[in-house]
Amino acid sequence: MESGRIKVDYLSRLEGEAALDVTIQNGQITDLQLNVFEPPRFFQSFLVGRKYYELPEITARICGICPVSYQMTALSAIERAFGVQVSEQTRSLRKLYALSQFIQSHALHIYMLAAPDFLGYESVISMASAYPEEVKRALRLKRLGNDLTALIGGREVHPVTPQIGGFSDLPSGKSLQTIAKRLTAAMEEAMDTARLIGKLSVPNVEWDLTYVALSQPQEYAVNGGRLVSNQGLDIDPADYRDYLHERHISHANALHSTMSNGSSFLVGPLARVNLNFAQLSPLAKEAASLTGVSFPSNNPFHSAAARAVELVHSIEESLQIIDKLGEPRREDGGYIVRAGCGAAVTEAPRGILSHSYCFNEQGVVLAADIVAPTSRNVHNIEEGLRLFIPKHLDLPEEELRLKCEMFIRNYDPCFSCSVHFLKLRVHG
Amino acid sequence: MSVETVVIGCGSLLRGDDAVGLLAVEILQKKALPPNVRLVAAGLPGLGLLDLLAGYETALLVDAVLTDGPAGEVFELCLSELEGSATRFASVHDLALPEVLALGYLLKKEEMPQKLVIIGISVEQGSLVAGQPLSAQGLLGAEKAACLIAKKLAV
């Protein structure tokens, strides 16, 4: 297509609502807009005036897929504001809890979004006839992830047990051992997932990507660590607002995130695996070789491979944590409410999730800032499309449109969560 | 007697008449039903519906449906009549009722109920509003559906 317009009024198989509008003249993109028209939900505004203990419950409702990440991030930010130190047991259980979400979310992305795209099916339903065993495997892995979430959190969606300093209820050692048997049995299925990814042919598009993730020397960072990039960023995550910037753009309800130098950046599984390959479990490293991808990779289409690697890692580390936990014991979760501010970043399945709150002496929220992973990626998606589309202008228009959708889906964006607004001050 | 029939109500309690399927199950809970029947208010189970259906001989699903007809009417539908009825997936990370059932019968036929009846309660698009209570037609539809299901279970 030398000149013309690619218009996708409603991008399908994405979480939330967005459209793409690209104008091409004489083989050059003259305009490209990823229009996130999902309406904002004003969470940051209505959190103001609520009590601190309501935050994990309320913010979990931002996302039905990643409620665990919202709870973990809110709790960490509150604990930072109040100076609460959590026990080793709580830290381990929280990691296990977060990994349970990686298992279910990654299994679904790989089998319900990536595999149909790369195998040429319209959806997982049409793929299921030719690949029944693979789709059954996806359902089993998702069930396992959900059951692990429910075991720790009390239920699989919008769980209830996490609280400041720990958990209101604990899984028994016996129940953890029971699920450990299922995790052990699922390991081969996770490795098969990496094998499947290795057979898929993905488009080759690479550019000078900046990727950002949490990182810790001793473990694969999910709930803690420093915020680092491949371009030298290395900060306390609580300072995220000083280094990761946001700006309004006219065509999207999601803000565009940039580094201090104005560049876009990538967050999510590929960023994590690229930056933290050394901390992956032994089998996850083996899975990486099965995918055929050499990490670090600058091709965003390798995100599905990174998810497969993390799926294996999540199962293997979950088993290690359960082994270490033994019989969880009830702990005193006392803390003192005080005025102050706290911020935290955790790794949700789709990338870094940032929360920042300020409280008065009664623990009432005075200010809230929440930045979802997709919001971080929107600018990067647009930038990537500007490079990806010119390489495929020889394709028929419909095929090019599908390729653009595939490119966007590959980030597994959750536009529902990405929309948030900065506070608008009107001076009169 | 073993439990061999399940009645599953679907819908959201937070979205006006979307809750009619759940209300129908609530009404059934107050009725005298045969002992081999289990009632489940499932909410929005997505793929979890397959776990709720697994192992039962007979299943009755009750849910709100959008039709051209007046609200509050009750329809009995079979699986093939649902095909193509969902305009888009509820979410990419979960599936709407027709897709979940299609996937279940395609992949796990041996676990799925041999007999599946879908009871649709007609609602209006305008009644599916967050935070709104059920409409008078919605309440009537839930009553009618519960009555129909109770009669079917008694046979």
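**A first look around**

Author: Happy to, and keep in mind that this is a predicted model. Let's begin with helix 3 of chain A, residues 67–82: at 1.5 Å a residue, its 16 residues should span 22 Å, and the end C-alpha atoms are 23 Å apart, which agrees.

Reader: Nice. How many of the 16 residues in that helix 3 of chain A are buried?

Author: 13 of the 16 are buried, so helix 3 of chain A is largely enclosed by the rest of the structure.

Reader: And what follows helix 3 of chain A?

Author: A:Gly83 does, and its phi is positive, near 70°.

Reader: Let's stay in chain A for a bit. How many residues of helix 9 are buried?

Author: Eight of the eight, residues 269–276, so helix 9 of chain A is largely enclosed by the rest of the structure. Among them are A:Pro269, A:Arg272 and A:Asn276.

Reader: OK, switching to chain B. How many helices and strands are there?

Author: Chain B has five helices and five strands. Starting at the N terminus, the order is β-α-β-α-β-β-α-α-β-α. The radius of gyration of chain B is 15 Å, close to the 15 Å from the globule rule for 155 residues, so chain B is as compact as a globular protein of that length.

Reader: What does the C-alpha trace of chain B span along its principal axes?

Author: About 40 × 40 × 25 Å. Of the 155 residues in chain B, 39% are buried.

Reader: And what share of the contacts in chain B comes from residues 24 or more positions apart?

Author: Counting contacts with a separation of 6 or more, 78% are between residues 24 or more positions apart.

Reader: Which residues is B:Leu79 in contact with, leaving aside neighbours within four places in sequence?

Author: B:Leu101 and B:Leu116.

Reader: Where is B:Lys144 relative to B:Leu79?

Author: The two are 65 residues apart along the chain, and their C-alpha atoms are separated by 21 Å.

Technical notes: Residues numbered from 1 in each chain as written. Chains lettered and ligands numbered in written order. Predicted model: local features only at pLDDT ≥ 70, side-chain atom pairs only at ≥ 80, totals over all residues. Helix = DSSP H or I, 4+ residues; strand = E, 2+ residues; numbered from the N terminus. Expected span 1.5 Å × (residues − 1). Buried ≥ 20, exposed ≤ 12 C-beta atoms within 10 Å, placed from the backbone. Rg over C-alpha atoms; globule rule 2.2 N^0.38 Å. Contact = placed C-beta atoms within 7 Å.
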